Amino acid sequence: MPIKISIIGGGGRVGSNAAYALQLGGIVRGIHLVDANEDLAQGEALDLLHGSSIAADQLITAGPASQAADADVVCITAGSRRKPDESRLDLINRNVSIFKSILEELRTSRLDKNAIIFVVSNPVDILTRLAIEHLGWDPARVMGLGTVLDTARFRSLIAAEMKLPPTQVKAMILGEHGDSMFPAWSTATVAGMSLTKMMDVSKQIDLFKRTQGSGAEVIRRKGGAGYAVGVSIAEVIHAIALDRGAILPVSTRMNGHHGLKGTCLSLPTTVGRGGVVHAHEVELWPKEASSLRASAAALDETWKSLA
Ligand SMILES: NC(=O)c1ccc[n+]([C@@H]2O[C@H](COP(=O)([O-])OP(=O)(O)OC[C@H]3O[C@@H](n4cnc5c(N)ncnc54)[C@H](O)[C@@H]3O)[C@@H](O)[C@H]2O)c1
């Protein structure tokens, strides 16, 4: 069934790049942009609409949040981005109040009872948890981008370094989308061959460091992430739209996974038309399992500090 996506923050860099990736994907039926800067949202929608005769038969619109009422997926990208020397968690004070006001607007706009909220704004794991608790929705219908972008960066950097085809590299970054993210080298393969057997430990450390520093590097060099986060968002939305059952490291609420409860973070998760189908309790190396617990502890501490 064709689906409509509303992007709140759709005038911004992340939102508009996601909209462009969705246009080129040609899978969703409607792309609706909402932004506090209405003119910017109208401008981005107009620019996309001008290309629609080449790209795809889609309905591209801009307007207020109330027009998100019939959306199947509401993707929230609104909020401030990080300054170069700022951690994602530092953003919390600035983004929580913006985020709460958006949730209130969505509550009053009476979203469809099957709609899915997809959080991208940072700190994404904290805001995903806030959305679940504030709206009181079934956690299956709320997810965050989590480490989907970090995973994409990790795979792409490994492929470039090892001269491998990027789409055939499988490796995941799990935990927090932030300082405590960790590489699950136990999952790292290319065409079924273990990547850890193909590179020494110093290269592994370097590739993870470059992945972890990618967000800050892109902000420093061009002001903010755009294309890679755009295609990452589109990958998740396409998994929902096509009921693909794709396994992606989106951020979801833990319910006993690895002994964690309540925290939102990334594990490999089956995503389909109903949202979160199943977060998998993967077998991790002991070092990775302790990194996962450290990520959860860092996120829980931040959660407790929310006013
Ligand atoms: N999860 C991830 O992997 C990931 C990756 C990159 C960026 N981000 C986050 O995405 C967010 C957006 O980044 P950006 O580079 O697009 O920033 P941006 O400044 O380019 O865009 C943000 C947009 O949000 C709009 N906005 C602010 N308050 C609003 C409100 N109440 N309602 C509607 N729109 C509102 C602004 O007008 C602006 O157009 C940031 O929080 C950033 O940290 C997350």
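Predicted model: local features only at pLDDT ≥ 70, side-chain atom pairs only at ≥ 80, totals over all residues.
Local features are reported where pLDDT is at least 70 and side-chain atom pairs at pLDDT 80 or more, while totals for chains, interfaces and linings use all residues. Residues are numbered from 1 along each chain as its sequence is written.

The chain splits into domain 1 (4-144) and domain 2 (148-305), with bounds taken from an automatic or database domain assignment. Their C-alpha centres sit 21 Å apart. The contact between them takes 35 residues from domain 1 and 34 residues from domain 2, where contact means C-beta atoms, placed from the backbone, within 7 Å. On the domain 1 side, H1, strand S4 (73-76), strand S5 (116-119), helix H5 (124-135) and strand S6 (142-144) each put in at least two residues; H1 has the largest share, eight residues. Helices (H or I, at least four residues) and strands (E, at least two) are DSSP runs numbered from the N terminus.

The largest nonpolar core holds 88 residues. Such a core is a set of buried Ala, Val, Leu, Ile, Met, Phe, Trp, Tyr and Cys residues joined through C-beta atoms within 7 Å. Buried means 20 or more other C-beta atoms within 10 Å of the residue's own, exposed means 12 or fewer, and partly exposed is in between, with C-beta atoms placed from the backbone. Among the residues with the most contacts inside this core are Val 73, Phe 118 and Ile 237. Setting aside neighbours within four places in sequence, Val 73 touches Ile 3, Ile 5, Ala 115, Ile 116, Phe 118, Ile 237 and Ile 240.

Leu 207, Phe 208, Thr 211 and Gln 212 are buried in H7. They share one side of H7 because they cover an arc of only 135° around the axis, taken from the directions from the helix axis to the C-beta atoms. An α-helix has 3.6 residues a turn, so residues three or four places apart point the same way. Ser 202, Ile 205 and Lys 209 are exposed on the face turned away from the buried side. The cover over the buried residues of H7 includes helix H6 (148-162) and helix H8 (214-222).

As for the ligand, 32 residues surround it, the closest being Gly 9, Gly 12, Val 14, Ala 78 and Asn 122; a residue counts as near if its C-beta atom, placed from the backbone, lies within 6 Å. Helix H4 (92-108) and helix H1 (13-25) each supply at least two residues of this shell, and the largest share, four residues, comes from H4.

Definitions and conventions. Contact = placed C-beta atoms within 7 Å.
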